[in-house]
Amino acid sequence: MLHSSVVVKKVLEALKKLKIKKIVLDPVMVAKGGTKLIDEKAINFLKKNLIQKVSLITPNIPEAEVLTGIKIKNKEDMIFAANKLIDLGAKNVLIKGGHLEHKFVQDIFVNKFEIKIFNSLRH
């Protein structure tokens, strides 16, 4: 969990030192009860310095809302938020849709070239 800008900076330093090419960022930012686990300074630092360095970012809906400021209520909002993350420098975005109340869970993958929707039955 990257809860502060100090931690995000340390991760960036380590990634630079290790020269890792493929990085997946799962931005754990919101607890199950809805409490934010990251401060505003860290969110802004992550958006400006880390998002563009990773191969894939995989936020769930509350995390995508925190990162983009977009209230997500449906598939179209998920695509809009994913494109906003692309505008921030993300190469590939997979927004996990399990927080929406539907019969199907829809995960949305977006990059500059394509949009893919993955549907699965809710269990």
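Ser4 sits in the segment that precedes α1. In this predicted model, Ser4 has a relative accessible area of 15% and is therefore buried, the cut-off being under 20%. Leaving aside residues up to four places away in sequence, Ser4 touches Asp39 and Ala42. Of the helices, α2 covers residues 40–49 and α1 covers residues 5–18.

Stepping back to the whole chain, the fold comprises 4 helices and 5 strands. Read from the N terminus, these elements follow the order α-β-α-β-α-α-β-β-β. For 123 residues, a compact globule would have a radius of gyration near 14 Å, and the chain agrees with this at 14 Å. Along the principal axes, the C-alpha atoms occupy a box of roughly 45 × 35 × 25 Å. Buried residues account for 40% of the chain. Among contacts with a separation of 6 or more, 53% join residues 24 or more positions apart. The accessible surface amounts to about 7,600 Å², and carbon and sulfur atoms contribute 58% of it.

In soluble globular proteins, nonpolar side chains tend to be buried together. Here the largest nonpolar core holds 34 residues, and Leu46, Leu50, Ile57, Leu67, Val93 and Ile95 touch the most other members. At least two core residues come from each of α1, α2, α3 (61–68), α4 (75–87), β3 (92–95) and β4 (104–111). The greatest contribution is that of α4, with 6 residues. Ile95 illustrates how these parts meet: beyond its sequence neighbours up to four places away, its contacts include Ile61 and Ala64, Met78, Ala81 and Ala82, and also Gln106, Asp107 and Ile108. Pro59 and Asn60 complete the list of residues that Ile95 touches.

Helix α3 is mostly covered, with 7 of its 8 residues buried. The buried residues are Ile61, Pro62, Glu63, Ala64, Glu65, Leu67 and Thr68. Their cover includes α2, β2 (56–57), α4 and β3. Just after the helix, Gly69 adopts a positive phi of about 75°. One of the buried residues of α3, Glu65, pairs through its side chain with Lys71 in a salt bridge, at 3.6 Å from N to O. Lys71, by contrast, is exposed, with 56% relative accessibility.

In total, the structure contains 4 salt bridges. Another of them links the side chains of Lys10 and Glu13, with an N to O distance of 3.9 Å. Both residues belong to α1 and are 3 residues apart, about one turn of the helix. An α-helix has 3.6 residues a turn, so residues three or four places apart point the same way. Lys10 is exposed at 54% relative accessible area, whereas Glu13, at 49%, counts as partly exposed. A further salt bridge joins Glu114 to Lys116, whose closest N and O atoms are 3.7 Å apart.

Leu37 lies in the loop between β1 (24–25) and α2, and its relative accessible area of 30% makes Leu37 partly exposed.

Conventions. Residues numbered from 1 in each chain as written. Predicted model: local features only at pLDDT ≥ 70, side-chain atom pairs only at ≥ 80, totals over all residues. Heavy atoms only, no water. Core = buried A, V, L, I, M, F, W, Y, C linked by side-chain atoms within 4.5 Å. Buried < 20%, exposed > 50% of the residue type's maximum accessible area, 1.4 Å probe, protein only. Contact = heavy atoms within 4.5 Å. Rg over C-alpha atoms; globule rule 2.2 N^0.38 Å. Areas by Shrake-Rupley, 256 points an atom, 1.4 Å probe, with all protein chains shown as cover.
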